[in-house]
Amino acid sequence: MLEGIIQGALITLGYKSLLLLVAGVTTGIVFGAIPGLTSGIAIAILLPFTFYMDIYQSLALLVGVYVGGTYGGSISAVLFGTPGAPESGITVLDGYPMAQQGYPNKALSTALYSSSLSNVLSSISMLFLSMGIAALALMIGSTEFFSIVLFSLVLISTVGVGGSAWYKGIAAVLLGLMFSFVGSDPLSAMPRLNFDSLALSSGLPLIPLLVGLFVGAEIIQQTGRTKSVEGEAGILFGGSEDRVRWADLKAMAPYIFSGAAIGTVIGALPGLNAAVGSMLNYGFARRLSPHPERFGKGSLRGVAAAEAGNNGTVGPTLCPLLTLGIPGSGTAALFLGALLIQGVTPGPTIFETSAPVVYSLFWAIFLSSVIMIGVGRVVIYFAKYIPLIPTQIINPCIILFCASGAFATDGSVTDVFILIFFITLGYFMKLGGFPVIPLLIGYLLGGLLETNLRRTLLIAGGDYTVFLSSPISLAFLIATVVLLAYVVVASFRRLRGRRAAAVPGAAQAQED
Amino acid sequence: MEQKKVEIVSGAFLIGLAAFLLVYMRTQPWYTPHLSVIDDSSFFPTIVSWCIGALGAVQIAYALRTSPDGRAARLNLRGILLVAIWLVYAFVLTTLGFLAASFAAVLLSQLLWGERRMLVAIPVSAILPLVIYVVLGKILHVDFPQGIIPF
């Protein structure tokens with residue numbers, strides 16, 4: 001292990017990787033700071049270009065963007081009261097009041113330090129958690145794997161879709177599975193669902209699909225909107241009190257540790273995202289704080305807790321991906337794409353087949369957290385201008401980057417058509433309230449689900465009860481059924497409650 | 001469009017998609033339900049299609065029973081036009097070439113988005129494709145179509 005850690009350090013400390021980390025962190029902060037753009041979009045844009053790098057440089061760039069983007073959202077949250085990224089929604093509660101009270105620099109610095117420190121802790125937890133899960137995962141076969149993938153898909157499509165209805169999340173996953181079937185049968189290699197197109201005979205290309213859905217869902221609806229935030233940021237630096245002191249760091253330390261701990265658990269569970277980590281740690285911090293009444297009114301501890309909670313998920317989010325090959329979030333799905341185009345298939349044997357990748361990933365998160373302190377301090381000087389970058393200029397450029405990237409991966413115009421198709425699909429899904437992340441993950445896991453089901457049945461001679469005879473498989477299948485039943489029943493209860501509430505309302509209206 | 005209509009239309013789309021897939025698969029040589037699950041290439045796609053159709057029906061049923069609040073899902077016509085611009089881009093990319101097609105597409109997209117300063121829009125539309133062309137095309141050897149521009 002120690003040897004691996006040293007090897008990972010030597011790889012990541014190369015000047016090219018360090019430069020890419022700096023570039024990635026800066027790009028991530030800028031994308032995170034602009035409402036409507038996220039680190040996910042930045043990763044999606046850069047993904048095709050990593051095809052021309054080696055895997056360690058590719059991961060350095062993408063990790064830098066991911067880490068920078070998770071912090072960047074706090075900039076517009078603090079200065080404009082508009083979260084730059086969904087995970088910074090909680091930061092607004094205290095960051096914006098702090099800025100309004102004349103402490104914008106202190107609020108941004110608190111967010112920066114708590115984000116960076118929580119990230120460092122999350123990189124360490126990612127390493128140890130991955131080792132633990134990988135060791136356990138080695139003991140499971142295709143029977144258990146099928147049940148785990150099925151459970152993850154249900155979890156992602158029900159719990160992990162926020163405001164969307166459960167049936168829309170599951171429909172999105174199923175559409176993703178359908179797209180994964182295009183090309184050929186994974187076991188018999190029989191051509192399947194390729195609509196007699198030669199271009200589709202090896203399946204739908206990964207990059208146009210990933211990039212198109214992300215861009216389509218996030219950018220197209222903004223067409224015509226020339227401002228990402230309303231209003232203007234006030235002063236950027238207050239008086240001499242507007243800075244983080246040593247006493248402030250000591251005050252926020254417990255919330256950084258709790259954020260890293262909560263973020264580790266939340267990040268490692270498929271379907272739960274950084275916003276949940278931020279919300280839970282904020283709630284926990286309010287109970288722990290000696291001054292809970294200040295939360296929501298400009299509390300430094302509140303900003304630290306919110307940012308530590310969302311950044312704590314950064315490393316652990318990648319654990320299920322690295323050790324099981326199951327991406328639990330949209331960003332993890334993009335990282336899976338990055339690994340696959342470099343020829344690395346993550347899974348239980350990753351520490352045997354590609355250990356340097358995991359160690360370099362650990363170092364990339366660790367170092368980008370450190371680099372972020374330096375870059376973040378500089379960016380704070382320009383922070384008030386970043387969310388004001390004209391969207392009518394940057395968004396068309398993003399689409400061109402995507403189209404060039406889609407073309408560049410295969411040198412084929414067909415990939416540009418596929419990109420446009422998925423941009424359109426992503427847009428209409430967003431319009432209809434369908435989440436796109438479950439579709440991405442369904443597409444990425446479709447092959448794994450089908451192969452493991454059919455392989456298990458092949459070994460068991462077609463006997464379906466084999467899935468119930470393994471305790472691990474049985475446990476995950478029961479968990480899947482319970483989760484589905486819970487989600488459906490809860491949805492019916494809400495429906496009944498809403499109708500019951502609507503009746504007196506209607507009666508009242510008639511009386512009026 | 002009202003939210004309720006959006007729910008019903010998208011639910012109907014899911015049912016239509018499922019029906020299309022089920023009918024289409026039956027016409028294909030790989031539709032082999034007589035084989036065991038292990039050998040049947042159409043087993044998983046068939047199950048998934050049925051489930052998509054069923055969820056479409058569930059969505060319509062929910063929409064009819066709950067009457068979702070009237071928050072309308074606003075169709076952004078400029079967004080549709082933007083997608084159309086890039087669809088045309090894909091069609092003319094080989095004929096016009098990367099530089100010319102990209103210049104036109106980025107410029108039109110900026111104008112559609114609301115940029116009115118031609119002194120900003122034109123240089124951005126010209127410089128970005130050129131940078132991508134040089135970096136990807138000349139340094140990383142991506143074979144972009146040349147089209148009408150002879151370099």
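## Chain B's two domains

In this predicted model, 38 Å separate the centres of domain 1 and domain 2 of chain B, going by C-alpha atoms. Domain 1 of chain B runs 3-66 and domain 2 runs 77-139, with bounds from an automatic or database domain assignment.

## How chains A and B meet

Counting contacts as heavy atoms within 4.5 Å, 66 residues of chain A touch 64 residues of chain B. Together the two chains bury about 5,700 Å², with 77% of that on carbon and sulfur atoms; buried area here is the accessible area (1.4 Å probe) that two parts lose on being put together, summed over both. A:Tyr167, A:Thr223 and A:Leu400 supply 12% of what chain A buries against chain B, more than any other three residues.

A:Lys168 and B:Glu7 make it, at 2.5 Å from N to O.

On chain A's side, the elements giving two or more residues include helix 8 (166-181), helix 17 (391-410) and helix 21 (471-511); helices are DSSP runs (H or I, at least four residues), numbered from the N terminus. Helix 17 of chain A gives the most, with 13 residues.

## Ground rules

Residues count from 1 along each chain as its sequence is written, and chains are lettered from A, with ligands numbered from 1, in the order written. Local features need pLDDT of at least 70 and side-chain atom pairs 80 or more, while totals for chains, interfaces and linings use all residues, and side-chain values use heavy atoms, leaving out hydrogens and water.

Note on methods:
Salt bridge = Lys/Arg side-chain N within 4 Å of Asp/Glu carboxyl O.
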